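Thank you all for coming. I would like to talk through side-chain contacts today, beginning with the model itself on the screen.

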Amino acid sequence: MAGILYIAYPLLPVSDQSCGGAEQVLHTLEAEMFARGHRTTVAACDGSRVTGELLAIGPPPVADDHLAERQEALHQKVLAALRSRSFDLIHDHSGALWQHAHEASVPVLATLHLPRRMYPRELFANIAPNVSFNCVSASQARDFRDLPNLAGVVENGIALERFPLTAEKGDYLLWLGRVCVEKGAHLAIEAAERAQLPLVLAGQVYPFAYHRRYFAECVEPHIARHDVRWVERPALAEKLELLRRARAVLLPSLVDETSSLVALEAWACGTPVIAFRRGALAQLVRPGVNGFLVETAEEMAGASRRAGELEPAACRGSVEGKYTAERMADGYAGLHERLARRPQLSSAA
């Protein structure tokens, strides 16, 4: 079986408690590949909980200017690991470490988790010949179709058994995720107020000045003053309870989402999703079956009042068989086999 070195964003610990989608995908995928007999190592922040071996790079950054330090620590840890042990593949989820792929003698697969415009253009200059990329949705792949060595699309999946179907719903709306302007928490607040329904905001404010400023100016003033409850960094059990009992999950994203783990988790619990028609959400949401697609906060409010019309079983059915951890791991296993057949490259390290 293969030895795989996974590389995480140097921003958050990798675990089932992670707020970030990339961290959750990596956690789920690594566990699945380990269960299939592969030797897995994860380079990630201190506090990460992985199934195989953890290559800890230090504590998560606590301010904007600490991120560069963590990125350099990640680079150095990975280089040291490559010099001291043998891997068959590097799977980069870090958003940038593939720039150093010329220092590796094995194939490097870089999963692109973000919309194209969120990557600096220079990241795709002078790509080493041992680097291949994959996207997580067909809509994202269209934006990267000019990228050399685009190996294919592997859609994200979840460990379906961890998200029980629940037919009995409450009357609150739920917004869940990373608190930043592009995720549209302020628009979820507006939609809930228009619908005259309570709202639960659950997630994490990252240690970036512009994220904290957005929370302080656009989100925090509404908490308590309106029927809005803030749940910071919910534990997995609390997140599951919120997802299971919500009337609907709101996704008013202002960017073209490449995927949505929140949507997959909600549907697994039988909870509909009401989303802006952006990126992959336009393909994931099946209007009238597992949710509604809208264009404005006003339309989101109207759809929220109709959420009770949708069947929880139909919501879960839209995930079963397609967006599972097993299906995701099968997709990556196929990519790994293709990359392993490429000629071995000489190392510059």
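I call a residue buried under 20% relative accessible area, exposed over 50%, and partly exposed in between, with a 1.4 Å probe and protein chains only. This is a predicted model, in which local features need pLDDT of at least 70 and side-chain atom pairs count only at pLDDT 80 or more, while totals for chains, interfaces and linings use all residues. Residues are numbered from 1 along each chain as its sequence is written, and side-chain values use heavy atoms, leaving out hydrogens and water.

Let me take the charged pairs to begin with. With a salt bridge taken as a side-chain nitrogen of Lys or Arg within 4 Å of a carboxyl oxygen of Asp or Glu, the whole structure has 17 salt bridges. One of them joins Arg85 to Glu53, at 2.9 Å from N to O. Arg85 sits in the loop between α2 (67-84) and β4, and Glu53 in strand β3 (residues 53-56), so the bridge ties together parts 32 residues apart in sequence; helices (H or I, at least four residues) and strands (E, at least two) are DSSP runs numbered from the N terminus. Arg85 is partly exposed at 31% relative accessibility, and Glu53 is partly exposed at 36%.

Another bridge pairs Asp171 with Arg247, at 2.6 Å from N to O. Here Asp171 is partly exposed, with a relative accessible area of 40%, whereas Arg247 is buried at 18%.

Finally, Asp16, Arg49 and Arg162 are linked in a network of salt bridges.
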